[in-house]
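This report walks through one protein model. Look over the sequence and structure below, then read on.

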Amino acid sequence: MFEIRSSEMLIRTLVVLGLLMAVNVWSVLANAQGTLTKPNIGSPDASTGEAQVTAEVSDANQLGTWSGFLDSASQAIKREGVTSDELDRYFGESVRILLDARSKVSEFEPQVNKLTQQLDEIGPAPADGEPAEALEITDRRDALSAKFAEADAKLKEARLAIVRASQIQEAVAAKRRDRFVRALTARSTESHSFSFWERFFTGFTGFSKGLGLLAKDSYAAATSLERLTPWKKTILPAALISSFLVLLYFRRWLGRVSSNLIPNVTDTRLIVPVQAFFAFCQNGVIGAAIPVVIYQCLFRFGLLTERLELLVREIAISSSILIAATSLILVIFSPNNSRLRIADLNDSAADNIVKILLVGLFLTGLVRVINVASIILVSPFEVSLGLSVVLATIVAVTALIVFWQAANEQQEQAAYLDTQSKIIRWRYLRMFLWILAVVVLIAIPVGYIALSEFLALQLIFGTMVVAVAWLTLRVLDAYQTSAYDEQQTASEGMGDQYSGSPQLGVIGFGISKLLVYLAALVMLLLPWGYRTSDFFELISRAFFGFQIGGLNFSLSTLLLAFTLFAIGYTVTVALRSWLNNRFLPTTSLDAGLSNSISTIFGYLGFILAAVLAITAAGFDLTSLAFIAGALSLGVGFGLQSIINNFVSGLILLTERPITAGDWVVTKDGEGTVKRISVRSTEIETFDRATVLVPNSTLITESVTNWTHANKMGRIIVPIGVGYDSDPDQVREILMQCVEENPGILKKPEPVVYFIDFGADALIFQLRAFLADINYSLSVQSELRFAILRKLRAAKIEIPYPQRDIHIKSGSLESAKPATVRPRKGSTTKKS
């Protein structure tokens, strides 16, 4: 099985966290030895000349500081020359103000509510002509009014700060999107001229020399005593080794998870995608993390100059993308093993496409790094613009060649491409990618160089996101299939004792897939002018509260209310189970009363949990009276029968005319009461069929309950004997049969009645009482067996109807009526 023990997971987590903390501690210790680290340009701490929001000042000063910052930010955002770093700072400060203001609102609202309640209790001041009130009351009212005015003013200022901070965030986001759109739609036709490309090649004349000087100066600065201290020489290798050990640990852990999961995947369509996912994680994700780790160590230890840091960062990003994309290409096209190939291509096409894609990716990354280096070295504008044209052309041509060859070399589609989870159908995705590649190629001669380069990079990035999301969904499908198979095996092995909840598993996997879709959507939107802070702010607004009309909604309070309700309901179910299985069976209460107690306890627990949830959600229970009054009209019409059945169910549980286990007879049939629920009562017939009878029917109509007061009941067995039988002998035989049957009570005494002189027999009735009427059928059957056996032994005949019909020929006048008389042993004749 692929389950992982919790202790092992805990140990692994502690090891990873310990190594990561060691890296951070080492970097902090290294910087504490008098070294200088590069400041975070664009962060709020790096900017000067603006008021900073602090939490240590008083409420009044803090509200004033917020107002001053929001005023200055609102004016600055409108300026055309505001920089991206300033926009980042304004956005970050507005987020901080928003969070602090929300905490202040939570602090001030209870104070205002308490003061309002106290003022309501004191009441308004007496009007003119009314009796004067005590001086203490007047002073108390004035003091409370002053406190209320102060708290209410702070509350309104905090709420206003929330609104203004949200507006600042929206303005910053709008400014970013506007700049993004203008940058993409900027048109340049200079690349059409021969002189442009002449200046482009001329600009590379001093490029290699400038790059060499940059590397030399950066190395000299990094190895200076100021930056590379003996302490850092010791800690930096330890930090790198620790980071690599963490990555190696995760790589091996992924291998173990893969080896445990794949043998349990029964759906063969999922095996290849699952293998591809774990191979990508082991080689692509872990490999892509190595350049990032190296860059972070060099940056955090302050070994990079400002210009070199930009170049190294771009090299690390390009290398990571190249490693991840290469791994993704290899697991999808699998040129060396067709059985592991996801793409529906033959061996030759897969091998050619892999070579083309790898060459195109390498050239794209190289051009991207050279472009960043040209910007750092302040090369001519033609160099950067020409490199953008080259990059977009490489990506578009590579994509078109790959799409063309894939379209011509397709073979039958693999089965695992048609599994249940799809990001988008391949034929639609392929059409979209064709169009995007053509647009990238056309945008270059039209003059939209920036748009062409951006779309080219998004063609790579978006394809990678969609492919990774598809593989992730395949793994979730595999886990779901394996979990379902395990559950089925456990259910077959344990029978009715198994109490698994497949619905919870389905919901859990559904939520996981939804998160994958949302993560993919966020990743695809990030390059289009959106930032992670925008999404976090959206989540924050939904979590901490938003207003629709006059109602405030907060996801956090709703989650709290749902959690309290879930806890209350779970406790109720657990206590009810304890009552049913542990406590009530030890009492002398009958099954019906025990069921009533358990059901009423369940209703009370559900209502209490609902009240706690409603209170936690912030709803005033007194205001629900208005809602109940508004719903009464609907209850009177549409919900009348439901309410009638509910009230009838409560009556059945309290008065207990019918309880669980009773034998009842209704117009819908007869059987044993199994359960009394909110709306109906479940009756199981003697044929094992279930009849659901509305509770109102059991209250308003006639119902026969054989076991209402007790289970004692009477049975009647009719017997007919021949006319030549001795009645006293028959009575003695019947009484002997009664005495020999242990199921018949001695008190009340059983009796034998001579009922009638029948047409064919003397009619007797045996009447007796049973301790449990539920056994009436079996007792009557045993009595009939015994009676028949004893009557035959005493040679007493049990007759049945007999008729003789005689027909004489002749005229109608001389015809005599036929004689009809019973005759022993004869058969009935009919003409």
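Which residues form a nonpolar patch on the surface? Ile507, Ile511, Leu514, Leu515, Tyr517, Leu518 and Leu521 do, with about 660 Å² of accessible area together. Patch members have over 30% relative accessible area and no salt bridge; like charges are joined within 9 Å, and nonpolar side chains (Val, Leu, Ile, Met, Phe, Trp, Tyr) within 5 Å. A salt bridge puts a side-chain nitrogen of Lys or Arg within 4 Å of a carboxyl oxygen of Asp or Glu. Areas come from the Shrake-Rupley method with a 1.4 Å probe; for residues, only the protein chains shown count as cover.

The model is predicted: local features need pLDDT of at least 70, side-chain atom pairs count only at pLDDT 80 or more, and totals for chains, interfaces and linings use all residues. Residues are numbered from 1 along each chain as its sequence is written, and side-chain values use heavy atoms, with hydrogens and water left out.

**Confidence**

pLDDT is the predictor's confidence in each residue, from 0 to 100. The chain mean is 76, and 75% of residues reach 70 or more. Confidence is lowest in helix H1 (residues 6-31), at a mean of 43. Strand S10 (residues 762-770) is highest, at 92. Residues 411-424 have pLDDT below 50, yet this stretch has 39 contacts in the model beyond near neighbours in sequence. Residues 823-831 also fall below 50, with 16 such contacts. A contact means heavy atoms within 4.5 Å.

**Whole chain**

The chain holds 22 helices and 10 strands. These are DSSP runs numbered from the N terminus: helices are H or I with at least four residues, strands E with at least two. Of the 831 residues, 36% count as buried. Among contacts with a separation of 6 or more, 74% join residues 24 or more positions apart.

**Selected residues**

Buried means under 20% relative accessible area, exposed over 50%, partly exposed in between (1.4 Å probe, protein chains only).

| Residue | Relative accessible area | Class |
|---|---|---|
| Serine 388 | 7% | buried |
| Serine 334 | 9% | buried |
| Valine 466 | 17% | buried |
| Isoleucine 511 | 47% | partly exposed |
| Lysine 795 | 75% | exposed |

Serine 388 sits in helix H11 (residues 381-408). Beyond neighbours within four places in sequence, serine 388 contacts Asn371, Ile449 and Glu453. Valine 466 belongs to helix H13 (residues 449-494). Valine 466 and methionine 523 are 57 residues apart in sequence, with their C-alpha atoms 9.7 Å apart. Isoleucine 511, from the patch, lies in helix H14 (residues 502-525).

**Sheet**

Strands of a sheet pair through backbone hydrogen bonds, either parallel or antiparallel. Here an open sheet of 5 strands runs S6-S5-S4-S3-S7, with antiparallel pairing. Strands S6 (690-694) and S7 (704-705) are the edges, each pairing on one side only. Strand S3 (residues 663-666) pairs with S7 over 2 bridges; pairing requires at least two DSSP bridges. Valine 665 has threonine 704 in S7 as its bridge partner.

**Backbone exceptions**

Most residues other than glycine have a negative phi, and most peptide bonds are trans. Serine 334 has a positive phi near 35°. This serine 334 is in the loop between helix H9 (306-333) and helix H10 (347-376). Lysine 795 has a positive phi near 55°, and follows helix H22 (776-793). Proline 748 lies in the loop between helix H21 (727-740) and strand S9 (751-757).
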